[in-house]
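Hi,

Here is the structure I promised to pass on. Could you load it next to this email and follow along as you read?

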Amino acid sequence: MGAGPETAAATGSGTAVRLPLAARRRVYIETYGCQMNISDGELMAGILEQRGYAVAETPGQADVVLVNTCAIREHAERRVLGRVSQLNGLKRDNPDLVIGVTGCMAQRMGDTLLERAPYVDLVMGPDGYRELPERLDALAEPGRRLSVLSLDPAENYEGLEQRRTSRISAWVPIQRGCDHRCTFCIVPYVRGPEKNRRPEEVLAEIRGIAATGVTEVTLLGQTVNSYARGDWSFARLLAGVARIPGIRRVRFTSPHPNDVTPELVEVMAAEPAVCEQLHLPAQSGNNRTLKRMLRRYTVESFLERVQMVREAIPDIALSTDIICAFPGETRSDFEDTLDLLRTVRFDDVYTYRYSLREGTPATRMPAHWFIEDGEAADRLRELIEVARSVQTEINRSEVGRVEEVLVEKEARGPGQMLGRTRRGKVVAFAAPTSLEGAYATVELTGTSGATFTGRRLANGSQPAEPT
């Protein structure tokens, strides 16, 4: 960060040292899971780069490989175990290679992971990253293996700089951990209680982001809109971020329906930089199921919040999360969830079949409540069909709209670029690669159901304005 191609800054006992490029240890970080995990990967890279590490492009180039993990579903954990087994093959060519597993899966499995994967040298939970350089130094001792699993109720990584991988959009964590105890969710047990950053630090960080030319930020938290610090509510912080010069788009994820307040909706409607997009996880459309999930709202109160948001922001795009086949869900309960999708008409739905997670309260529910695999799979297919049908209808009705698109990357088609509208809709359209990071005015000309094709208007391109 700021270092030239031949040297890097490393800090030790408060004194900056300049290291030749050849002397730098190289780290490769491979991330699985949610936006918070992506942000944590950038945080680890920033911490290590400040201590003299170089970031490798591939695992084969690295002295340290860190697999940054998710624990939401069992499938994700199996995938990670397979991946670290593959990485062990690199130790044949480089016996000094350090393999670490970090993040939520590391916190959940703990020392068991060291037993199941004897080639893993370091297991580190989400609150251990500040100590990462020192822990890696300790592994220089032959045969040493470490687990760092303490949850720190005060650790929110204030004062540390992320190594941001995008020059277009930035993830900004404002909150870590969660105070909710949804019975299906492992997050409170692997990330600890809710910890909110100081608003002054959040605003200063985003002013720094804007100064680099990045114009879009996404505020992150496990239940991001429950944020509170002193006399700062989430609504006040959101307004402060939206008014920072150079920031043109502000998003946030993932909110909890109970914290969608009139004050928050007022800010979303009034601040031009806040995007017309809201992810509002419903999880189920049946009150009995919501009660077993310990979601602390009803279908009726959820619909009241949807109505409040749409009255204030008629053009808002809504997305949601839905879990089907939760223990005890009857066919009638499941039909209620399908009815919720048809009633609300979400622009996008992230669908999940319930996955038993060891350590969560749902695992202790009566055995006869658990739904047979075949039926659960059938419900997931039906859920996806209804969600996609509604999404396709919505998107087809939007063909012909003219939208501001932030161009993010090259699309698969030759000569095509991919971008996103303010409402979070993905559009592919003909444009030069030089447009990456700029804004373009695009007419939506067609849809595949989930994404759009578009036509860039002749007078519609403008570069992202530096501050």
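Predicted model: local features only at pLDDT ≥ 70, side-chain atom pairs only at ≥ 80, totals over all residues.

Start with the open sheet of six strands, which has the order 4-3-5-6-7-8 and parallel pairing. Its edges are strand 4 (54-55) and strand 8 (146-148), and each of these pairs on one side only. Further in, strand 5 (residues 64-69) runs parallel to strand 6 (residues 98-103), and six bridges join the two.

Glu30 sits in strand 3 and is a charged residue by class. Is Glu30 buried or exposed? With a relative accessible area of 11%, Glu30 comes out as buried, because anything under 20% counts as such. Leaving aside residues up to four places away in sequence, Glu30 touches Pro59, Leu66, Val67, Asn68 and Arg83. Its C-alpha atom is also 7.7 Å from that of Val65, a residue 35 places away along the chain.

Strand 12 (residues 216-220) and strand 15 run parallel and are joined by five bridges, and the bridge partner of Glu216 in strand 15 is Arg249.

**Antiparallel pairing around strand 19**

Strand 19 (residues 402-410) pairs with strand 22 (residues 439-447) in the antiparallel sense over five bridges. Within that pairing, Val405 has Ala440 of strand 22 as its bridge partner. Strand 19 is also joined by five bridges to strand 20 (residues 416-421), which runs antiparallel to it, and here Glu410 stands opposite Met417. Strand 19 and strand 20 form a hairpin with five residues between them, and Gly415 in the turn has a positive phi of about 75°.

**Two helix pairs**

The axes of helix 12 (residues 331-344) and helix 13 (residues 373-397) come within 9 Å and cross at roughly 15°. That makes the two helices roughly parallel, and their crossing is right-handed. On the helix 12 side the contact includes Phe334, Leu338 and Leu341, and on the helix 13 side it includes Leu383, Val386 and Val390. By class, this contact has seven nonpolar, one polar and six charged residues.

For helix 9 (residues 262-270) and helix 11 (residues 299-312), the axes come within 9 Å and cross at roughly 30°. Helix 9 and helix 11 are therefore roughly parallel too, and the crossing is right-handed. Pro262, Val265 and Ala269 of helix 9 make the contact with Met308, Val309 and Ala312 of helix 11. What classes of residue does the contact of helix 9 with helix 11 have? By class there are six nonpolar, no polar and no charged residues.

**Backbone spots to check**

- The peptide bond from Thr253 to Ser254 is cis, with omega near 0°. Ser254 is in the loop between strand 15 and helix 9.
- Gln283 has phi near 70°, a positive value in a residue other than glycine. Gln283 belongs to the loop between strand 16 (277-279) and helix 10 (287-293), and is buried at 8% relative accessible area.
- Arg345 has phi near 60°, again positive in a residue other than glycine. Arg345 lies in the loop between helix 12 and strand 18 (348-353), and is partly exposed at 31%.

Cheers

Definitions and conventions. Residues numbered from 1 in each chain as written. Heavy atoms only, no water. Pairing = 2+ DSSP bridges. Helix = DSSP H or I, 4+ residues; strand = E, 2+ residues; numbered from the N terminus. Axes fitted to C-alpha atoms, helices over the stretch in contact; angles between N-to-C directions. Parallel < 35°, antiparallel > 145°, perpendicular 65-115°, else oblique. Left-handed = near helix turned anticlockwise from the far one by under 90°. Contact = heavy atoms within 4.5 Å. Buried < 20%, exposed > 50% of the residue type's maximum accessible area, 1.4 Å probe, protein only.
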